[in-house]
Amino acid sequence: MGIHVPPLLPNEAERLAALRDLRILDTAPEAHFDAVCRTAAALFSVPMTSIALIDSDRQWFKAKCGVTADGTSRDVAFCAYAILSDDALVVEDATADPRFAHNPLVTGEPGIRFYAGAPLVVRSGIRLGTLCIIDTKPRTFSEAQRTQLEDLARIVVAHIELHRGRLVAEAALEERTRSQALIAASEERYRTAHTKLERTADLLLMAQEAAGAGVWEWSLDEGVVRNSPESARMYGFPCGEGATAWVDVSVAELAARVHPGDLAQMRAIYGDALHHTTYKLEYRVLHPEGGNRYRWLMGCCRILRDEATGQLLRIVGLNIDVTERRTTQDALEQSEARLALALDSGSDGLWDWSVTTGYVWYSDRWHTMLGYEPGEIEPNIRSWERLAHPDDIRHARALLTEHFEERSASYVCEHRVRTKTGAYAWVLSRGRVVARDEHGAPLRIVGTYIDITERKASEQRIAYIARHDALTGLPNRTVFHEHLEQRLAEVRRGRGQAALLCLDLDRFKTVNDTLGHPAGDELLCQIAQRLRTTVRESDVVVRLGGDEFAIIISHLDHAHQASKLAQRVIDAIGQPLDLGGVLVTVGVSIGIALAPSSGDAPEVLFKNADLALYRAKDFTHGTFCFYEAGMDAAVESRMQLELEMREAVLCGGFALHYQPILRLIDHKTVGFEALMRWPHPTRGMIAPDAFIPVAEETGLIVPLGSWALQQACREAASWPDDLRIAVNVSAIQFQQPGLEESVLSALAASGLAPNRLMLEITESILVQDADAVTACLHRLKGFGVLIALDDFGTGYSSLSYLRRFPFDKIKIDRSFVREISDPGAAAIVRAVVGIAKELGATVTAEGVETNAQLEQVHREGCTDVQGYFFSRPLSAAQAVEFIGRNIV
């Protein structure tokens with residue numbers, strides 16, 4: 001028997017037109033389409049998935065997973081049947097379906113037995129292809145699974161619409177470019193016709209008005225200047241044949257013949273003239289005879305515009321040789337300039353000092369520069385000494401002596417002079433001895449003053465910026481290293497003790513991520529101000545970068561002075577901060593190293609203070625710690641632990657233990673919590689508190705968490721169907737991509753039903769990016785996975801989290817259970833239970849260790865319990881025995 005050929009749709013032509021309008025066929029792979037295929041493969045545990053587009057004679061795979069071919073003929077395509085309806089097509093056993101039993105894709109490779117395809121419906125009746133899943137063995141397919149497949153198909157359609165949007169944008173851009181080109185061509189034709197009528201009349205008019213001058217014309221759209229024979233000769237260009245032949249040269253060739261000192265002026269005047277109609281200037285060009293000689297030309301021109309649009313069309317102009325006049329004029333101006341300089345120094349103040357008599361003549365400009373009336377200052381050297389800044393007089397006199405003794409060619413000094421307002425202005429004073437006696441002693445010196453106040457202010461600003469943090473205004477690392485080196489050099493010479501405090505803010509990243517970077521910047525500025533007001537004036541506070549600061553205590557009598565300052569800093573920073581109406585609280589951890597006992601070299605002292613800071617953050621937040629010998633060994637031990645942990649991750653050196661969770665109403669086991677354990681071959685069992693923080697800091701928690709999901713699901717799949725497994729998920733796993741894929745992969749590989757897996761998260765996860773995390777949790781919950789809020793009330797508790805996400809379970813931290821006999825703790829437990837009931841969530845009390853605690857949490861309304869009172873965490877084998885014994 002032959003194979004069945006799928007029928008064509010009545011609107012096949014319209015469907016194909018819609019497909020081809022997308023221009024998506026035979027395009028390169030795209031990540032978002034590939035991601036849908038991978039998700040479908042994991043969700044339905046199938047070996048093959050594809051996004052197929054049905055062309056006139058073929059099906060082409062836009063994306064695929066587990067499929068090697070790029071497409072097939074349309075005649076054998078299952079998807080060609082799937083596009084005949086808006087509903088998903090499901091073939092649970094292809095060999096039992098007459099349409100597909102003899103299909104070569106069934107009888108041969110890849111041996112299809114199961115097929116499900118959801119059509120990609122872009123609009124009513126238009127189905128471009130399918131999202132399909134394929135297996136090589138028969139299987140059933142529930143209505144819920146059909147709905148999930150159709151939901152994934154809608155995601156594919158959404159990405160197709162994004163593709164269509166990009167096409168529309170590109171087409172609009174092409175249309176705009178084409179329209180602009182047509183407009184430009186039309187304007188060009190109009191301009192050419194219009195200017196041809198003017199050109200002859202303009203040139204004739206200018207030739208009549210400028211007999212003997214060189215005439216030129218520049219059409220702006222050509223970049224070529226046409227020169228009359230006389231204009232060409234002025235520039236030194238060959239004139240060619242005939243006395244009336246015009247010479248065309250490029251703008252670059254003309255510019256190359258202009259004196260470099262005149263080019264900038266020419267361009268400036270030309271640029272200004274473009275906004276008017278004419279310009280005139282004098283400039284130098286290379287002499288026709290060559291060498292380094294130049295001749296002067298006077299050029300003038302007229303700017304011609306389109307009368308209708310005002311657009312620039314061309315420039316016509318002439319050149320006249322004015323070399324002889326300029327030579328005479330330059331000589332006269334040089335003479336006048338020398339005379340003017342002798343009388344005054346233009347914008348500079350001029351002074352003339354008779355060294356033997358002490359008489360000093362000051363020009364009018366010298367007076368007005370400093371705010372005085374001409375003649376107001378007495379003409380003697382004592383006046384200068386009264387006006388000069390006291391701190392600058394000695395330096396100025398030393399430079400003056402050098403010049404008097406001919407050890408310098410001139411006197412050059414920057415110093416401050418008091419103005420009439422009483423403020424000081426910076427001046428640059430230059431002078432030179434112009435007369436000496438027969439023994440070489442100076443008789444007379446003349447010089448100038450230039451006001452350099454603005455320049456000095458700019459230099460001071462630049463120097464300040466180079467040495468201070470731009471955000472907080474605190475000194476930066478440069479100042480830190482300079483001051484630390486200077487102070488430790490004094491310590492090495494036996495001048496007292498010093499201390500270095502390294503500071504690191506606690507919870508700063510949480511504020512920055514939650515409220516945004518502007519709020520984080522404002523927080524750092526407020527912290528900097530608190531540090532300034534907390535330390536002594538002799539101490540130095542610097543910002544090292546990010547949320548790291550340092551304090552150098554320059555003079556220290558006893559170590560307790562450093563500890564007192566550290567505690568004052570902790571108390572000051574711990575006060576609430578107002579960030580735009582939002583009150584937040586951060587803390588600080590401090591490491592302290594003393595000099596010389598903990599080192600007298602900058603790099604050593606800094607390293608030791610940093611080690612102490614590391615230890616302080618290990619203990620608890622909001623504390624300080626002094627450096628002690630042996631901390632290096634502790635760091636090395638931690639690094640060794642990290643190396644061994646990496647090896648254990650690669651070699652499967654970790655294990656899961658399982659703690660039972662019991663339902664209080666009947667004391668029946670309802671599930672287990674999976675707890676990470678590290679049975680080290682030489683160190684024995686390493687506690688989670690020792691290795692989990694290291695795993696989170698190094699990022700190893702991501703592969704560890706993925707392994708825990710796989711292992712826990714695989715183990716739980718062998719338990720009775722009414723038992724659930726709870727797995728903790730770290731905040732670091734949420735920050736990295738792939739968490740959802742990891743969960744789906746674990747479920748697919750183990751065959752565990754999604755509603756038997758419960759992910760336990762802490763409130764700190766919701767703080768880091770509440771919207772993104774909540775969206776991720778909703779997607780996981782949509783797959784059927786249960787979500788529990790762990791350690792509620794110990795972190796950044798906010799009832800808004802409970803309102804925004806419907807948790808299946810709330811777990812009360814063991815610290816509240818331990819203090820359950822206290823009325824306050826009991827009230828908190830009671831409140832959490834009430835909230836959970838309103839939200840339809842169960843409540844688990846963790847850490848139940850006594851019968852009294854069990855009875856109390858029961859009375860307060862908790863639904864489930866776990867703790868040592870019932871069982872310690874069990875190995876996988878022990879957990880199976882526990883289930884078998886059905887211990888209550």
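Student: How do the axes of H16 and H17 cross?

Tutor: In this predicted model, where local features need pLDDT of at least 70, side-chain atom pairs count only at pLDDT 80 or more, and totals for chains, interfaces and linings use all residues, the axes of helix H16 (residues 517–534) and helix H17 (residues 559–573) come within 10 Å and cross at roughly 145°. The axes are lines fitted to C-alpha atoms, for helices over the stretch in contact, with angles running from 0 to 180 degrees between N-to-C directions. Helices (H or I, at least four residues) and strands (E, at least two) are DSSP runs, numbered from the N terminus. Residues are numbered from 1 along each chain as its sequence is written, and side-chain values use heavy atoms, with hydrogens and water left out.

Student: Which residues of H16 and H17 meet?

Tutor: Ile527, Arg530, Leu531 and Thr534 of H16 meet Leu565, Arg568, Val569, Ala572 and Ile573 of H17, where contact means heavy atoms within 4.5 Å. The residues of that contact divide into 6 nonpolar, 1 polar and 2 charged, on a scheme that counts Ala, Val, Leu, Ile, Met, Phe, Trp, Tyr, Cys and Pro as nonpolar, Asp, Glu, Lys and Arg as charged, and the others, Gly among them, as polar.

Student: Switching to H21, what should the helix span, and what do its ends give?

Tutor: The 16 residues of H21 (residues 701–716) should span 22 Å at 1.5 Å a residue, and the end C-alpha atoms are 22 Å apart, which agrees; the expected span is 1.5 Å times one less than the number of residues.

Student: And which residues of H21 are buried?

Tutor: Among them are Ile701, Leu704, Gly705, Ala708 and Leu709, together with Ala712 and Cys713, where buried means under 20% relative accessible area, exposed over 50%, and partly exposed in between (1.4 Å probe, protein chains only). As background, an α-helix has 3.6 residues a turn, so residues three or four places apart point the same way.

Student: What about threonine 419, buried or exposed?

Tutor: Threonine 419 is buried as well, at a relative accessible area of 13%, although its place is in the loop between strand S15 (411–418) and strand S16 (424–436). With residues up to four places away in sequence not counted, threonine 419 touches Leu370, Tyr372 and Ala425.

Student: Now the backbone: which peptide bond into proline 110 do we have, cis or trans?

Tutor: The bond from glutamate 109 to proline 110 is cis, with omega near 5°, and proline 110 sits in the loop between helix H4 (104–107) and strand S5 (114–123). The bond from alanine 595 to proline 596 is also cis, with omega near 15°, in this case in the loop between strand S23 (587–595) and helix H18 (602–619).

Student: What is phi at aspartate 26?

Tutor: Phi of aspartate 26 is near 65°, a positive value in a residue other than glycine, and aspartate 26 is exposed, with a relative accessible area of 53%. Glutamate 406 likewise has a positive phi, of about 60°, and counts as exposed at 59% relative accessibility. For context, most residues other than glycine have a negative phi, and most peptide bonds are trans.
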